Amino acid sequence: MNTEIRTIEELTINAFPALQTEIYDGWILRFSNGYTYRANCICPIYSSENSISDKIHFCENKYISRGLPSIFKITSDTDSEIDRTLENNGYIKVKTVNLMHGLIETMPTANIEGIEITNYIDDEWLEASIRLSGIEKIDLQEIQRKMLKNIVSSLVCVKAKKNGLVIGCGLGIIDNGFIGLYDIHVDENYRRKGIGLNICKAILKAGIENKVYKAYLQVHSLNDKAINMYYKLGFQTLYTYWFREKKQENTIKIIDV
C-alpha cells in the first residue's frame, strides 16, 4: 500500500476507536456492536503471509460469532486480488467514500463569530453531536459516547451557537502531523447558511495554531454538496475506499451515519 495512504488509514483508525480491535496476519478487525461500517470492519492494511481465501473465512467466523455481518474496508490502493476474491464470494459493495486532503496554508481560515473552541469534549459538545447526527437508539448513542471518549489524540472541539443553543459542531483530531475533520453536523433549520464551512475553517485555523499543516477528511462519494464545499476550502481527493458486506443468517443490520 502507498505509504501516504497507509499513514492516513492508520490515522482514521486512531481517530475513530472501535470498542474492540484484533490484529490477524496484517489485517485489523474492528468490532462495535453494529454502529457504523468503519467501526465494524476488516481493514487489510498490511502485507500478510496466509492465503486470502483462508483469511476471509477466518474473519467471517469472527464476525458471525458476534452476530455481525462480515465487512471489509477496501481502498483504491488495496491489493486488487482481495477485492476480486470478496466479490467472487458474494460480498456486495455497500458504500463508497472519498478521502480528501490538502495543505492548510492554502486554505481559508478566519476567526468566526458565534464559534466556540475547546481542546476537549465537554458534555454540551457531546450531546449536540449525538443530537445533530440523528442517532435515536439509546444503545447506539452510548457506543458513540464511548468511542469519542476513547480518542487519545489531541482534539479541537468546535461549537456554532445561536441564542445559547448549539446549532452546529465539528471535531478536529490531531495526529502524526495531520488534523482530521470529523463529525461536522449542522441543525437542519440552519443549513445552507455557511455554518458548516465556518466550522471547518475554525478547525483548520486551530490546526495551524497547533503547528499542523496537513488536513484530511472523509465524505460519502454521493454527497455532492459537501464535496463541493470541501473543494472550495482547497481539499482534493487523494483516494477512495468502499465497504464490501456479506450478510449471514441472524446477523444484525449495521447502522451507519
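Guide: The lining of the largest cavity comprises 5 nonpolar, 2 polar and 3 charged residues (Ala, Val, Leu, Ile, Met, Phe, Trp, Tyr, Cys and Pro count as nonpolar, Asp, Glu, Lys and Arg as charged, the others, Gly among them, as polar). The model is predicted: local features need pLDDT of at least 70 and side-chain atom pairs 80 or more, whereas totals for chains, interfaces and linings use all residues. Residues are numbered from 1 along each chain, and side-chain values use heavy atoms, without hydrogens or water.

The residues around this largest cavity are Thr12, Ile13, Phe16, Arg30, Arg38, Cys41, Cys43, Lys73, Gln218 and Tyr241. On a 1 Å grid over the protein atoms alone, a cavity is a set of points where a 1.4 Å probe fits but cannot get out, a pocket is an open set with protein on both sides within 12 Å along at least five of seven lines, and lining residues have an atom within 4 Å of a point. The volume of the largest cavity is about 70 Å³ (the space filled by probe spheres on points joined across faces, edges and corners).

In total, 2 cavities of 30 Å³ or more are present. By class, the lining of the second largest cavity holds 7 nonpolar, no polar and 2 charged residues.

Two or more lining residues are supplied by each of β5 (92-103), α4 (123-133), β9, α6, β10 (214-220), α7 and β11 (236-246). Strand β9 provides the largest share of this lining, with 6 residues. The lining of the largest pocket divides into 20 nonpolar, 8 polar and 9 charged residues.

The second largest pocket has a volume of about 230 Å³. It is lined by 14 residues, and Pro44, Tyr46, Ser47, Asp79 and Ile82 lie closest to its centre. Sorted by class, the lining of the second largest pocket contains 7 nonpolar, 4 polar and 3 charged residues.

Methods. Helix = DSSP H or I, 4+ residues; strand = E, 2+ residues; numbered from the N terminus.
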